[in-house]
Amino acid sequence: APHFLQQPEDQVVLLGDEARLTCALGAYRGLVQWTKDGLALGGERDLPGWSRYWISGNAASGQHDLHIRPVELEDQASYECQATQAGLRSRPAQLHVLVPPERPQVLGGPSVSLVAGVPANLTCRSRGDAHPTPELLWFRDGVRLDGAIFRQTPLKEGTIGSVESILSLTPSSHDDGATLVCRARSQALPAGKDTAVTLSLQYPPVVTLSAEPQTVQEGEKVTFLCQATAQPPVTGYRWAKGGSPVLGARGPVLEVVADASFLTAPVSCEVSNAVGSANRSTALDVQFGPILQAKPKPLSVDVGEDASFSCVWRGNPLPRVTWTRRGDAQVLASGPTLRLPAVGPEDAGDYVCRAEPGLSGRGGGAAEARLTVNAPPVVTALHSTPAFLRGPARLQCLVFASPAPEAVVWSWDEGFLTAGSRGRFLVETFPAPEGLGGQGPGLISVLHISGTQESDFHRGFNCSARNRLGEGGTQVSLGRRDLLPTVRIVAGVAAVAMTLLMVITGVALCCWRHGRASFSKQKNLVRIPGSSDGSSSRGPEEEAGSSKDQGPIVHTDHSDLVLDEEGALETKDPTNGYYKVRGVSVSLSLGEAPGGGLFLPPSSPLGPPGTPTFYDFNPHLGMVPPCRLYRARAGYLTTPHPRAFTSYIKPTSFGPPDLAPSTPPFPYAAFATPSHPRLQTHV
């Protein structure tokens with residue numbers, strides 16, 4: 001019976017190649033034909049009407065193969081071999097026609113311009129009737145790039161019009177000049193077809209900043225170099241330090257002198273072009289000596305509490321910080337902090353935070369802070385000058401306290417006083433000129449005593465002060481000063497002053513004697529005549545003729561001198577002529593002060609309060625007398641003289657000198673009365 005020796009099988013053929021479908025029948029000599037999708041192609045061997053189709057093989061041996069050349073896309077169909085007279089049909093054979101893809105196209109190629117840092121899409125498209133639909137792949141340097149999006153564009157009849165692949169990327173400056181490949185690949189063309197595209201990047205400057213040298217000493221010169229690559233080219237440079245522009249700096253090079261600020265304030269270089277700008281910064285390793293950034297602050301703590309000081313020094317390398325107490329070289333601590341546990345009054349004072357200079361010898365120094373320890377007041381008696389009995393006195397005490405004392409109290413047997421006056425006592429308080437370190441503000445309290453009494457020298461005066469932490473005090477005694485040495489000194493000075501006064505008076509009377517004609521003759525004059533020949537009387541003419549032998553003339557208002565018959569005053573001899581006593585001329589010129597009264601030199605404030613006032617004649621010791629001095633000696637002669645005083649009245653008292661109203665009275669009784677040789681009389 002007729003049967004198939006070979007049946008056609010499915011076949012894949014490239015477009016343009018030849019397709020051959022085999023069919024062999026046994027025990028059959030009838031008509032054989034092929035169908036295409038059920039359409040009979042005919043029974044002839046050359047298949048008229050199908051120019052690219054024919055049947056080959058030995059019909060007698062039953063071989064009937066279908067050939068198609070060149071295969072076109074329309075030849076893709078289902079084919080059967082039929083023995084019509086025997087009613088046999090082969091199984092269908094599917095002919096697949098493969099159409100290789102065309103070379104893909106990259107939009108914008110062959111060189112695509114991108115901006116660095118800006119996301120962009122690259123599109124690769126494949127057009128034509130490729131079958132099956134091709135696959136589009138991206139490669140860079142032979143390495144497949146992932147992340148592309150594949151998209152198809154269908155045609156009306158359901159065929160594929162085109163396919164495209166979109167590659168998303170964010171290029172960088174390193175992608176400039178890179179080549180990307182889009183490959184269209186399918187079963188019809190396993191090797192695929194490639195299209196390359198070159199990336200042309202526009203990117204802002206890529207900056208590198210360097211410093212030479214990188215490690216410097218403070219004060220040395222440093223050169224910064226700013227290098228940049230950019231597309232398009234660089235349009236400008238800008239320099240800054242610590243964020244602040246460096247004025248006048250242009251171009252890729254900057255020269256500076258390094259200081260400590262460069263360690264924390266980096267230098268930056270910003271480079272610009274048409275696309276954008278970029279900057280880089282660098283900090284110098286500047287070595288410099290210690291610089292004080294935070295001083296220690298004064299502390300005030302109570303006794304028994306802890307105290308802590310801190311100070312901050314900056315330097316490169318890091319400085320060594322030590323703590324000492326002012327005036328003491330012992331190191332108490334190292335580092336930025338000093339801790340003093342449970343402080344006492346002895347801890348009060350100034351503490352020094354010190355940093356040594358750096359390697360360059362620059363920087364360093366010290367900073368101080370005072371520790372005040374709050375404690376009960378410390379009261380100290382100050383030296384008080386000894387006082388005279390019934391004179392003024394002053395007692396002093398020094399008070400140091402922190403916190404400041406509420407009051408300073410003086411107390412004694414009879415009572416106490418804090419301020420103001422009470423009876424003979426007065427209290428005043430003043431700030432101390434300079435306080436002891438750490439003991440708080442100082443006060444000086446003064447107790448004034450007017451008119452000291454005997455009991456004041458034998459009792460103690462207490463000076464005390466109190467604050468919130470307690471009370472302190474001390475006893476102050478009043479010393480006594482002896483008056484006797486002072487009186488002797490004053491008496492000696494007064495005697496010298498009287499002698500000088502007599503000398504000056506004699507000089508003044510000498511001058512007055514030469515100009516006596518200008519004086520008024522209505523004044524009362526006392527003339528003490530003298531004689532050397534032993535006569536007891538002279539006539540008026542003789543008296544007037546011997547003016548050189550006349551005694552001194554003294555202004556006086558005494559009423560116990562009697563005028564003689566010739567208008568002259570006649571002095572009487574107190575010895576009644578037993579001795580020849582003559583009056584020796586004494587020239588006394590007591591001038592008048594401009595406001596009236598006796599003219600004396602300015603008083604000298606020597607001696608303690610209450611002592612007699614005396615006068616300083618030292619400025620007059622060098623005076624040259626204006627004229628010759630006659631009869632310079634004063635007093636009585638001890639030799640008898642035929643003519644002596646006929647009468648003499650001794651003053652009953654010596655009154656005070658006529659001084660200015662504000663001048664205190666002079667206690668003459670405090671001095672010994674000068675003694676004169678007494679005149680002896682024989683009865």
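What share of the chain over residues 489–512 is helix, what share is strand, and how far apart are the end C-alpha atoms? I looked this up in a predicted model. Over residues 489–512 I found 100% helix and 0% strand, with 35 Å between the end C-alpha atoms. I then checked the UniProt record, an unreviewed entry, which places the feature "transmembrane region" at residues 489–512. I also looked up C511, which is partly exposed at a relative accessible area of 31%.

Next I turned to the disulfides. I noted a count of five disulfides.

One of them joins C23 and C81, with the sulfur atoms 1.9 Å apart. C23 lies in the loop between strand 3 and strand 4, and C81 lies in strand 9, so the pair ties together parts that are 58 residues apart in sequence. The link of C23 and C81 is left-handed, at -80° about the S-S bond. C23 is buried at 0% relative accessible area, and C81 is buried at 0% as well.

I looked at C124 and C182, joined by a disulfide with S to S 1.6 Å. C124 sits in strand 14 and C182 in strand 19, 58 residues apart. Their link is left-handed, with -90° about the S-S bond. Both C124 and C182 are buried.

I then looked up C311 and C353, whose disulfide has S to S 1.8 Å. C311 is in the loop between strand 30 and strand 31 and C353 is in strand 35, so the pair ties together parts 42 residues apart in sequence. Both C311 and C353 are buried.

Last, I checked a hairpin. Strand 43 and strand 44 form the hairpin with two residues between them. Strand 43 covers residues 460–467 and pairs with strand 44, residues 470–477, in the antiparallel sense over eight bridges. I found S477 of strand 44 as the bridge partner of G460.

Definitions and conventions
Residues numbered from 1 in each chain as written. Predicted model: local features only at pLDDT ≥ 70, side-chain atom pairs only at ≥ 80, totals over all residues. Heavy atoms only, no water. Pairing = 2+ DSSP bridges. Helix = DSSP H or I, 4+ residues; strand = E, 2+ residues; numbered from the N terminus. UniProt positions renumbered as here; feature names shortened; annotations may be inferred. Disulfide = S-S within 2.5 Å. Buried < 20%, exposed > 50% of the residue type's maximum accessible area, 1.4 Å probe, protein only.
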